Amino acid sequence: MLATTCFSPALPTILFPPSFRSDSTPLHLSFHKPRAPIPATSTGSQSSLLSGPSSDSNAAINLRTAPWTKAPLHLQPQEEEGVDLANPERSNGSDGHGDKKRYRALADRRNVKTGKYAMRRIAKSIEKLQKNGDSGETGMKLEEVEFGDFYLEGFDESRTRGRMPWEKDDGIVLRRPKKKTVTSAELSLDKVLLERLRGEASKIEKWVKVNKIGVTQDVVNKIHFTWETNELAMLKFDVPLSRNMDRAREIVEMKTGGMVVWSKKNALVVYRGCNYPLGLKLSTKMQVDSPYCSRTPFLEADTDFSLDEPDEGGSNRSINDNVDEWGEASTSFLSGPLYERETDRLLDDLGPRFIDWWMHKPLPVDADMLPEVVPGYMPPYRRCPPFTNPKLTDAELLYLRKLAHPLPTHFVLGRNRKLQGLAAAILKLWEKSLIAKIALKWGVPNTNNEQMACELKSLTGGTLLLRNKFFIILYRGKDFLPVGVANSIIQRETELQRWQLHEENSRLKASELFCFDTGNLEERAKAGTLSDFKDITMEYEDLTTGSTESKLQADAEKGKIIRELKKQERRLSILDFKVEKSTKELTKLNASCRHVEPDADQELITNEERICFRKMGLKMHSCLTLGRRGIFDGVIEGLHQHWKHREVVKVISMQRAFSQVLSTAKSLEAESGGILISVDKLKEGYAIIIFRGKNYRRPLRSVSKNLLTKGKALRRSLETQRIGSLKFFANQKRQKVSELQLELENVHDSGE
């Protein structure tokens with residue numbers, strides 16, 4: 001049973017939330033029954049305890065508790081002394097700030113957050129109380145606090161925090177802070193000099209633009225030209241190098257020989273060095289100076305610049321030192337992680353590296369530096385294992401794409417054709433890896449990833465997993481064989497063919513020894529033997545050229561033409577049948593429509609009246625539009641509705657040919673009984689102006705019985721359109737049939 005207590009208004013208002021104060025109705029609060037038995041009290045003592053201060057100074061007041069707690073919270077008497085009952089927001093003898101916070105924490109339920117965040121806050125508060133030794137003041141033990149269906153077992157007596165019940169097994173995942181990369185300028189330059197250079201770098205307003213293609217020789221020359229007048233040069237990078245500024249800094253320092261002293265977003269400022277020689281003669285080619293990199297810049301000078309004078313930072317630097325640094329930067333992968341070393345070992349034998357790579361190391365192979373044509377290159381020999389489908393299923397394709405996502409990039413490609421060198425490198429890579437990942441160079445004009453993928457697929461025979469404007473991913477296939485295995489299989493098949501010939505010769509010799517003469521039977525059965533195959537080959541052999549394939553090819557070509565001719569003739573017959581069927585339907589619809597002959601006794605109007613009516617009709621905003629249905633009973637009814645309010649009606653026709661528009665205008669004149677004024681070309685179409693006549697009388701029946709209805713008019717339009725399209729395709733098929741017949745005659749004449 002839950003004990004229910006009624007609080008009178010005399011209870012200190014510090015225990016009530018703001019929403020419950022100054023209410024005339026009593027407030028009923030329910031508490032969970034505590035585990036320890038509570039001695040029963042009389043009604044009078046209970047009311048006296050609640051209405052006024054208790055005689056027992058050590059008595060505690062029960063507080064409202066959370067739904068998940070099993071024991072009540074008790075307010076100690078020493079905590080009640082500083083509470084002003086008249087104004088609970090202020091404390092007696094204090095500034096009110098501390099008690100106001102405590103009051104808000106106890107009473108204001110609007111600021112309480114629920115969910116996992118609130119549970120974590122509660123656990124932290126309990127842990128803090130336990131550390132401060134305040135668990136005795138709450139009047140209960142931590143083991144009695146229950147959160148839903150579980151207890152706080154994570155807090156033991158040793159005050160060490162264990163795993164909370166709402167925490168998962170994998171724990172809380174925290175983002176690892178990025179380690180700051182120590183640049184070469186910070187290691188070699190003095191701090192005072194570095195601060196001065198950074199202050200000047202932040203004020204530079206002119207920069208060198210680095211496009212998508214990367215740090216080219218043109219960019220390097222512009223940097224050196226800037227260094228002639230200023231010791232700092234600013235660079236601003238476009239994608240993709242702007243996404244990896246650490247890699248951009250390495251490339252710039254390696255190619256220019258300077259040091260990056262300041263960087264912000266996509267901008268770098270390069271310091272030329274204190275011993276930078278002026279008046280250098282720059283080369284226009286990128287030369288290779290490292291076995292690891294494919295291209296490195298090289299300075300050509302008339303003299304050897306190896307100055308040993310110390311610079312302002314107290315370090316001796318020279319051009320030779322910069323060249324040594326380029327070599328150290330290019331071979332820094334040896335001290336990298338194991339993943340990079342293994343990948344570099346895999347890519348070492350494939351070709352030169354691409355040092356302008358815009359992503360993280362290892363550097364891929366530059367496919368443009370590989371040979372365009374490899375002498376004697378042939379697509380690899382493939383053989384699928386037994387009971388295996390060489391095609392990939394959807395699940396296998398999805399798995400391989402997920403597998404290729406974290407793999408490093410193996411090649412970087414920038415040309416569309418002549419990729420035999422790249423294909424040979426891919427075949428060599430496939431002996432150790434299932435997938436070849438190829439990135440496309442940025443900023444290279446006229447690149448076509450579709451053409452690249454098609455040529456690589458034809459040269460290697462692999463399966464294309466992914467192709468877009470960034471990557472081409474090729475799978476070696478289930479039928480891929482390494483070079484050693486493929487050579488063994490070819491050698492084995494050659495040996496089998498040799499033994500088959502030997503077996504055939506032995507079979508023929510044995511059949512000659514054991515022959516049975518039956519008198520009339522002179523020929524021996526040779527079905528399935530090698531001699532039978534030779535006889536068939538000799539039958540189709542061309543004696544003039546000595547080629548056994550010419551007649552076979554001619555017969556195959558003739559049979560192909562005959563099959564195509566039969567196919568086209570069958571389609572032509574189907575089209576003719578459809579044309580005949582549509583013609584019958586159109587004839588039936590036209591038979592149900594009886595056109596009225598034009599009236600010979602027609603009213604006459606003068607030219608002045610005709611010009612006046614024409615101007616009136618062209619100025620009219622209301623008009624009647626003729627669509628694909630043409631003239632039907634609804635059009636004539638619309639004309640009479642217009643003539644009910646005005647003398648002239650304007651009809652807009654969407655027909656393109658003027659002869660068709662003129663025929664439509666005469667038909668409207670005859671069917672309606674009006675007078676045709678003019679036919680004019682407008683922006684919307686052709687405008688037909690019809691005058692109703694001076695002696696016009698509205699007919700008793702505005703709907704014409706001799707014309708088609710709206711539905712039948714639509715059917716007539718559809719059948720007319722269908723007949724036109726069918727006749728067009730039928731003429732194409734007839735032309736195709738005539739061409740095939742002529743080609744068949746030419747093949748027959750050439751064979752004879």
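**Figure 1. Strands β8 and β10 run antiparallel and are joined by five bridges.** Strands here, like helices, are DSSP runs (E, at least two residues, for strands; H or I, at least four, for helices), numbered from the N terminus. Within this pairing, M234 stands opposite V269 of β10. The model is a predicted one, in which local features need pLDDT of at least 70 and side-chain atom pairs count only at pLDDT 80 or more, while totals for chains, interfaces and linings use all residues. Residues are numbered from 1 along each chain as its sequence is written, and side-chain values use heavy atoms, with hydrogens and water left out.

**Figure 2. The open sheet that holds β8 and β10 has four strands, in the order β7-β8-β10-β9.** Its pairing is mixed; two strands pair if DSSP finds at least two bridges between them. At the edges stand β7 and β9 (259–264), each of which pairs on one side only. From one strand to the next, the twist averages 30 degrees. Helix α6 (residues 191–201) lies across β8, β9 and β10 and runs at about 50 degrees to β9. Helix α7 also packs on the sheet, where it touches β7, β8 and β10, and its direction makes about 150 degrees with that of β8. For these angles, axes are lines fitted to C-alpha atoms (for helices, over the stretch in contact), and values run from 0 to 180 degrees between N-to-C directions.

**Figure 3. The largest nonpolar core has 28 residues.** Such a core is a set of buried Ala, Val, Leu, Ile, Met, Phe, Trp, Tyr and Cys residues joined through side-chain atoms within 4.5 Å. Buried means under 20% relative accessible area, exposed means over 50%, and partly exposed lies in between (1.4 Å probe, protein chains only). The members that touch the most others are V215, V219, L235, F237, L241, W357 and W358. Two or more residues each come from β7 (208–210), α7 (217–227), β8 (232–237), α8 (245–256) and β10 (267–271). Helix α8 gives the most, with five residues. In soluble globular proteins, nonpolar side chains tend to be buried together.

**Figure 4. Which residues are in contact with F237, its neighbours within four places in sequence left aside?** They are K209, V210, V215, S242, M245, A248, V252, N266 and L268. Contact means heavy atoms within 4.5 Å.

**Figure 5. W442 and F470 form a tilted ring pair.** Rings of Phe, Tyr and Trp (its six-membered ring) pair if their centres lie within 6.5 Å; planes under 30 degrees apart count as stacked, over 60 as edge-to-face and the rest as tilted. The structure holds nine such aromatic pairs. Here the centres are 5.6 Å apart and the planes stand at 35 degrees. W442 lies in the loop between β15 (435–440) and α13 (449–460), and F470 in the loop between β16 (463–467) and β17 (471–475), so the pair ties together parts that are 28 residues apart in sequence. W442 is buried, at 17% relative accessible area, whereas F470 is partly exposed, at 34%.

**Figure 6. F728 and F729 pair edge-to-face.** Their centres lie 5.4 Å apart, with 70 degrees between the planes. F728 is partly exposed, with a relative accessible area of 49%. F729 is also partly exposed, at 41%. Elsewhere, ring pairs link F354, W357 and W358 into a cluster.

**Figure 7. Two lysines lie over aromatic rings.** K236 is over the face of W207, 3.9 Å from the ring centre. The charged end of K681 sits over the ring of Y686, at 4.7 Å from its centre. A charge sits over a ring if NZ of Lys or CZ of Arg is within 6 Å of the ring centre and within 35 degrees of the ring normal.

**Figure 8. A further open sheet of four strands has the order β18-β19-β21-β20, with mixed pairing.** β18 (624–626) and β20 (675–681) stand at the edges with a single partner strand each, so one side of each is left without a neighbour in the sheet. Neighbouring strands are turned by 25 degrees against each other on average, direction ignored. Six bridges join β19 (residues 648–653) to β21 (residues 686–691), and the two run antiparallel. V648 has F691 as its bridge partner in β21. Helix α17 (residues 607–619) packs on this sheet and touches β19, β20 and β21, its direction making about 55 degrees with that of β20.
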